[in-house]
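Please read it alongside the sequence and the structure.

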Amino acid sequence: MQIQRESTCSGILVLCLVLLSYLGAVASGERAEDRDAMVKEQILARGVKDPTTLSAMRTVPRHLFLPESMAPHAYQDRPLPIGHGQTISQPFIVAFMTEIIKPGPGRKILEIGTGSGYQAAILAATGAQVYSIEIIPQLADSAAARLKQLGFTNVATKSADGYYGWQEHAPFDAIIVTAATEFIPPPLIGQLAESGLMIIPVGSPFFVQTLMLVQKRDGKTISTNLMPVRFVPFKRADEE
Ligand code: SAH
């Protein structure tokens with residue numbers, strides 16, 4: 001009798017496990033076709049070819065990083081509001097910035113402007129170790145919870161003014177800034193490793209800015225202008 005009850009219990013357990021893994025598979029595959037189309041039409045078509053970047057863009061469920069009312073538009077070719085006056089970048093811009101800083105296993109990357117956590121998740125999906133800073137505490141908290149819930153264990157977040165970087169974890173192989181600065185914060189240059197890469201929108205916050213690639217060589221920086229962009233302003237802690 002005892003044995004029979006045990007076997008019934010383990011039968012139910014197996015059934016539950018099968019059901020759970022099925023639901024998990026459905027959830028991760030959700031809107032996979034939308035992501036494939038996004039990669040093909042918006043990203044590959046505009047010249048981003050790095051397989052690691054493309055695979056991350058195909059895998060990370062962008063719709064889960066948006067407020068519910070915006071989720072239906074998640075895979076469209078445009079930035080979208082994420083609350084608190086902030087925006088998640090257009091998919092192409094996320095892919096372009098990702099490809100350029102060469103994320104991957106063994107690379108340590110600092111992001112300034114966690115926002116929804118989507119760019120951090122894309123970087124983490126490549127196997128990089130990601131550190132991300134967000135100045136708006138509510139966004140920092142919700143992004144941290146979302147990244148944890150989605151199983152990203154290689155992203156550390158904190159709520160602070162990213163102007164100062166994250167000295168404890170420096171130097172970084174790459175730094176990605178997702179808000180527009182009028183000048184490159186000197187602490188970020190200081191925390192960039194030798195041969196490190198920084199991508200940052202520089203210019204007046206209310207006009208078109210220039211997306212710049214900054215490389216560190218022999219302690220000096222070499223900057224290249226990449227393209228005109230429009231990002232939300234880089235805030236300072238004392239502005240609020
Ligand atoms: N990378 C985000 C989008 C960022 S929008 C994503 O994938 O969703 C830019 C973000 O930078 C906003 O959330 C804004 O609050 C944040 N930000 C602006 N100034 C900042 C600063 N000094 N330090 C940290 N975050 C900042």
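The cover over the buried residues of α3 includes α2 (32-43), α4 (91-100) and α5 (118-125). The model is a predicted one, in which local features need pLDDT of at least 70 and side-chain atom pairs count only at pLDDT 80 or more, while totals for chains, interfaces and linings use all residues. Residues are numbered from 1 along each chain as its sequence is written, and side-chain values use heavy atoms, with hydrogens and water left out.

**Helix α3**
- Thr53, Leu54, Ala56 and Met57 are buried in α3, which spans residues 51-59; buried means under 20% relative accessible area, exposed over 50% and partly exposed in between, with a 1.4 Å probe and protein chains only.
- These residues lie on the same side of α3, because they cover an arc of only 160° around the axis (the arc is taken from the directions from the helix axis to the C-beta atoms).
- An α-helix has 3.6 residues a turn, so residues three or four places apart point the same way.

**Whole protein**
- Seven helices and nine strands are present; they are DSSP runs, helices being H or I of at least four residues and strands E of at least two, numbered from the N terminus.
- Of the 240 residues in the protein, 46% are buried.
- Contacts (heavy atoms within 4.5 Å) between residues at least 6 apart in sequence join residues at least 24 apart in 54% of cases.

**Aromatic pairs**
- The structure holds six aromatic pairs; rings of Phe, Tyr and Trp (its six-membered ring) pair if their centres lie within 6.5 Å, and planes under 30 degrees apart count as stacked, over 60 as edge-to-face and the rest as tilted.
- One of them joins phenylalanine 65 and tyrosine 118 edge-to-face, at 5.6 Å centre to centre with 70° between the planes.
- Phenylalanine 65 is in the loop between α3 and β1 (80-83) and tyrosine 118 is in helix α5, 53 residues apart.
- Phenylalanine 65 is buried at a relative accessible area of 1%, and tyrosine 118 is also buried, at 1%.
- Tyrosine 131 and tryptophan 166 pair edge-to-face, with 5.5 Å between centres and 75° between planes.
- Tyr131, Trp166 and Phe172 form one aromatic cluster.

**Arginines over rings**
- Arginine 62 lies over the face of tyrosine 118, 5.1 Å from the ring centre; the criterion is NZ of Lys or CZ of Arg within 6 Å of the ring centre and within 35 degrees of the ring normal.
- Arginine 46 lies over the face of phenylalanine 92, at 5.3 Å from the ring centre.
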